[in-house]
Amino acid sequence: MFKNLISKDKGFYKNVAKIAIPIALQGLITTGVNMMDTIMVGIVGETQLSAVSLANQFINIFHIFCMGIGMGASVLVARYYGMKDSSSLKKTVAIMLRLCLAMAALFCFATILFPTMIMKIYTSEADIISYGVRYLKYSVASYFLLGLSLTCTIVLRNVGQVKMPLYTSIAAFFVNVGANYIFIFGKFGAPKMDVAGAALGTLIARIFEFAVICGYLFFKDKEIGFRIKHLFKPVGALWKEYIRISIPVLISDGILALGNNSVAMVIGRLGESFVAANAVTAVTQQLSSVFTQGFSQAGAIVTGYTLGTGDREKAHKQGYAFLGLGFLFGFIAATIIMLISEPMINAYNLSSETERITRQLMWSISVIILFQATNSIMTKGVLRGGGDTKMLMLTDNIFLWIASIPLGILAGLVFHLPAFWIYFALKIDQVLKAFWCVIRLKSGKWIKKIRSDNELE
């Protein structure tokens with residue numbers, strides 16, 4: 001098996017890099033925005049930092065649902081693009097956008113009606129709840145903007161349009177940082193809004209992203225050829241294939257989001273210092289794994305396109321090469337965390353107790369990331385691109401709910417173990433999935449047939 005981890009096809013790595021690097025750089029910019037948010041809010045105070053961190057846990061549920069909708073659609077988009085089936089391609093995008101708008105409306109109403117209840121899910125501390133509610137109220141409109149720009153970005157990547165979203169994210173970074181500086185600290189005559197200013201800055205950046213990315217897809221892009229009128233046209237029997245392939249991705253990512261929020265609930269009850277430390281380490285982990293995320297999406301795109309051309313054997317060989325990339329990026333990410341951990345800690349205004357916990361979490365993450373990089377490239381990339389979405393739905397959630405959450409509760413709330421072991425227990429599913437991915441790849445059962453619109457009618 002090990003000799004297959006390095007592809008002999010030189011063009012393979014070149015093609016993967018052309019897709020993955022712009023996606024990774026876009027992820028780096030997005031993480032940079034999140035980092036600047038936490039640094040700026042952290043200057044205001046740890047309570048405000050904790051509030052924004054926990055409020056974003058709820059927004060992240062929506063983000064993960066949208067990723068599920070978009071990545072589920074991408075399995076079909078990549079395959080239909082490889083098959084050159086324009087009709088099925090447009091109908092898939094229409095279904096994706098309808099689901100995204102419905103999901104955004106649901107989260108929008110929940111945030112408007114129950115902001116206090118949402119914050120109480122994560123913490124019982126009154127000050128954190130109060131600041132979190134302020135942040136959520138300013139974030140309501142962001143659901144529609146984030147959802148549409150995120151899902152449209154995913155489908156554009158699947159047809160080779162990776163540079164435009166990258167350039168948009170770079171510009172959005174400066175928009176966000178500038179707006180945050182003005183509204184958080186009350187500069188240039190603007191009111192000092194602290195946590196609400198962070199939410200408003202993010203909203204302004206979302207408006208910019210939506211206008212550019214969705215404007216490009218709806219009015220200029222020619223690879224997909226999707227226009228607003230296609231959103232309202234009948235999609236026929238393609239609903240069945242979308243549900244069969246994409247809905248398991250949505251369910252998997254949705255339940256995963258709820259599971260991750262259960263993890264956040266555990267963390268929220270370990271005290272303000274642990275919550276603040278987790279907010280710092282989350283940004284560090286994102287910075288170290290952006291290239292893993294880029295190559296994960298490249299894995300799904302390349303695998304889907306290769307299978308769309310009908311070459312199963314080539315797709316299987318490429319799967320092993322992606323597994324090798326997973327091992328490589330795991331070690332790179334762990335090294336990056338160790339190198340940047342101290343500078344990251346020093347960038348925040350943290351208490352000595354929070355600094356101590358943060359260092360332990362950094363060490364824990366550096367071990368976990370070795371396994372997480374491998375299973376991310378396989379589960380979110382190759383296996384998903386092969387259409388193995390039902391099995392992924394089962395395994396993602398079995399490992400999370402049977403291993404991570406129970407062990408995390410025991411480690412943190414029952415045995416009160418050191419922060420290193422609490423976090424390791426909460427993320428043990430990443431270790432278990434890495435071993436499962438190797439077994440699944442080897443079996444070849446992950447390659448599934450996907451039917452076109454014409455075959456369904």
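1. Leu413 has its place in helix H15, where helices are DSSP runs of H or I with at least four residues, numbered from the N terminus. With a relative accessible area of 37%, Leu413 is partly exposed, a class that falls between buried (under 20%) and exposed (over 50%), using a 1.4 Å probe and protein chains only.

2. This is a predicted model, in which local features need pLDDT of at least 70 and side-chain atom pairs count only at pLDDT 80 or more, while totals for chains, interfaces and linings use all residues. Residues are numbered from 1 along each chain as its sequence is written, and side-chain values use heavy atoms, with hydrogens and water left out.

3. Leu413 also belongs to a nonpolar patch on the surface, formed together with Leu407, Ile409, Leu410, Val414, Phe415, Leu417 and Trp421, and the accessible area of these residues together is about 710 Å². Such a patch takes residues with over 30% relative accessible area and no salt bridge, nonpolar side chains (Val, Leu, Ile, Met, Phe, Trp, Tyr) being joined within 5 Å; a salt bridge is a side-chain nitrogen of Lys or Arg within 4 Å of a carboxyl oxygen of Asp or Glu. Areas come from the Shrake-Rupley method with a 1.4 Å probe. Helix H15 (residues 389–414) gives the largest share of the patch, 5 residues.

4. Rings of Phe, Tyr and Trp (its six-membered ring) pair if their centres lie within 6.5 Å, and planes under 30 degrees apart count as stacked, over 60 as edge-to-face and the rest as tilted. By this rule the count comes to 16 aromatic pairs. One of them is edge-to-face and joins Trp421 to Phe424, at 5.9 Å centre to centre with 75 degrees between the planes. Both residues lie in helix H16 (residues 419–426), 3 residues apart, about one turn of the helix. Trp421 is partly exposed at 46% relative accessible area, whereas Phe424 is buried at 19%.

5. Elsewhere, ring pairs link Phe58, Phe62, Phe65, Phe107 and Tyr143 into a cluster.

6. Most residues other than glycine have a negative phi. Lys84, which is not a glycine, has a positive phi near 60 degrees; Lys84 lies in the loop between helix H2 (46–83) and helix H3 (86–113) and counts as exposed at 70% relative accessibility. Asp194 likewise has a positive phi, of about 40 degrees, but Asp194 is found in helix H8 (residues 194–219) and counts as buried at 16% relative accessibility.

Technical notes
Helices (H or I, at least four residues) and strands (E, at least two) are DSSP runs, numbered from the N terminus. Patches are made of residues with over 30% relative accessible area and no salt bridge: like charges are joined within 9 Å, nonpolar side chains (Val, Leu, Ile, Met, Phe, Trp, Tyr) within 5 Å.
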